[in-house]
Amino acid sequence: MDSLVDQVTFIAPSLAVSVVVVALLFMANWALLRRHPALGNEKKLPRQLTLLALTLIGFVVITVALPISDTARNQVITLVGVLLSGIVAFSSTTFVANFMAGIMLRMNQPFRTGDFIRVEDHFGRVSERGLFDTEIQSEHRALITLPNLYLVSRPVEVISKSGAIISSTLTLGYDVHYSRIESLLISAAKATDLKDPFVQVIELGNDAVTYRVSGLLIDVKSMLTTRSLLHRAMLDALHDGAVEIVSPTFVNQRRMDDHVKIVPGAGVRQAAEVSSIPEDMIFDKAEKAEQQEAAQERLKKELQTLGEELSVASGDEKAKIEVHIEQVNQQLDNVSELKEKAKKEY
C-alpha cells in the first residue's frame, strides 16, 4: 500500500503538468482556430504555425517534468530534435522557397486579386493569393495553381487596370494601297470603342503585307469580348471596302476575271445577338475575389478612421461610434464568410 502511494506521489507532479499543458493547448486551439471558422487558409496559416510552436513548447515542458533521469530526458529531447530536423531538411527546399516567394510578392505587390496576368503559357485573372501559391482563373474558367517560386523566377505580364492595348494582326496583298487599309482598320477599331487606334506595318513579306491594328481599351475586364468584336469589325470594314481577305496564293492561282472580288454580298451579314458577356462566366471567381478583397480593404480603412474618431470622442458620440465599429466588424466577418464559401464552391 505504501508502495502504491509512493508511486502516485512520484508521478503526480508530472501528471498535473501534462494535464495543464494539454488543457492550455486545447484553449489555444479554440482561441486561434475554432473561434474563427470563417478564416481563409491564408489567415489560418500563421495561427496554425503559432499552435504548432506552442505544441512543441508544451512537449518540452512535459518532457522536463517527467520523473526520469537527466540523461534519458536529454535523449528524448534530442530524438525529437533530430526527427524535426529531418522533416525540415526534406521539405524545406520547396516549402521555405515558396513561403519566401509569397512574402516577396506581398511586399512588392506586382499584381493584386482580380488582375489579368500572363506567365509563360498561363493566362488568366488572379482569383486567390496565398503564402505558398497563387491561383488564377483561365479563359476556359479552369482554376490554375501556380507556386509562388514559379512566379518570382519568371517574367510576369500584368494587364494594367488603367487600360490595355488590344491588337489584331492580318496579312493582305500588295494590290491594295496601305493608306486605304489603314483607314479601314482604324474605322474598325473605333467601332469597338478603342481609344486612339493606330495601324502598324509589321512586315513586308514575299506575298503579302502584315498589318497590325491596335487601340486602348479602358475597361480591361471586357478584354475577350472586345478582341472578338474587333475581329468582327475588321471583317465588316474590309468587306464593305471591297478588300479581299484571302490567301495571296489563292489570288495568284485562280482563274477569274480581274474585276471579280471574293467578298460577301451586300445584305448577307446580320448582327449577332449578344445574350451574355463571356467574361462574367469565365472569370466569375476572380471577379468575386476582387470585389471581396476591395470590400475588406474599404472596411479596414473605415475601422481605422473610426478608431481615430473614438479616441477623441465622448458621451453619446462615443457610444454611436462604438456601435458603428461593431457593425463594420460584423460586415468584415460576413465578407470573410463569403470568401470561405466561394472557395468551397470550386
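Close-up 1. The buried residues of H5 are Ile 181, Leu 184, Leu 185, Ala 188 and Ala 189. These residues cover an arc of only 140° around the axis, which puts them on the same side of H5; the arc is that of the directions from the helix axis to the C-beta atoms. Buried denotes under 20% relative accessible area, exposed over 50%, and partly exposed the range in between (1.4 Å probe, protein chains only). The cover over the buried residues of H5 includes strands E6 (164-172), E7 (195-204) and E8 (209-217) and helix H6 (223-240), contact being defined as heavy atoms within 4.5 Å. Asp 193, which follows H5, has a positive phi near 65°.

Close-up 2. An open sheet of 3 strands has the order E6-E8-E7 with antiparallel pairing; two strands pair if DSSP finds at least two bridges between them. E6 and E7 stand at the edges, each with a single partner strand, so one side of each is left without a neighbour in the sheet. Neighbouring strands of this sheet are turned by 20° against each other on average, direction ignored. Antiparallel strands E7 and E8 are joined by 7 bridges, and Phe 198 stands opposite Ser 214 in E8. H5 packs on the sheet, touching E6, E7 and E8, and its direction makes about 140° with that of E7. H6 lies across E6 and E8 and runs at about 35° to E6. Axes are lines fitted to C-alpha atoms, for helices over the stretch in contact, and angles run from 0 to 180 degrees between N-to-C directions.

**Close-up 3. The five-stranded sheet.** An open sheet of 5 strands has the order E4-E3-E2-E1-E5, with antiparallel pairing. Its edge strands, E4 (143-147) and E5, each pair on one side only. E1 and E2 are antiparallel and pair over 4 bridges; the bridge partner of Phe 116 in E2 is Arg 125.

**Close-up 4. Salt bridges.** The count comes to 6 salt bridges, each a side-chain nitrogen of Lys or Arg within 4 Å of a carboxyl oxygen of Asp or Glu. Glu 297 forms a salt bridge with Arg 112, with the closest N and O atoms 2.1 Å apart. This pair links distant parts of the chain, 185 residues apart: Glu 297 is in helix H9 (residues 284-312) and Arg 112 in the loop between helix H3 (70-108) and strand E1 (116-119). Glu 297 is partly exposed at 32% relative accessibility, and Arg 112 is partly exposed at 27%. The side chains of Arg 118 and Glu 157 meet in a salt bridge (3.8 Å, N to O). Arg 118 lies in strand E1 and Glu 157 in strand E5 (residues 157-158), so the pair ties together parts 39 residues apart in sequence. Arg 125, Lys 221 and Glu 290 are linked in a network of salt bridges.

**Basis of the views.** Residues are numbered from 1 along each chain as its sequence is written, and side-chain values use heavy atoms, with hydrogens and water left out. In this predicted model, local features need pLDDT of at least 70 and side-chain atom pairs count only at pLDDT 80 or more, whereas totals for chains, interfaces and linings use all residues.

Notes
Helix = DSSP H or I, 4+ residues; strand = E, 2+ residues; numbered from the N terminus.
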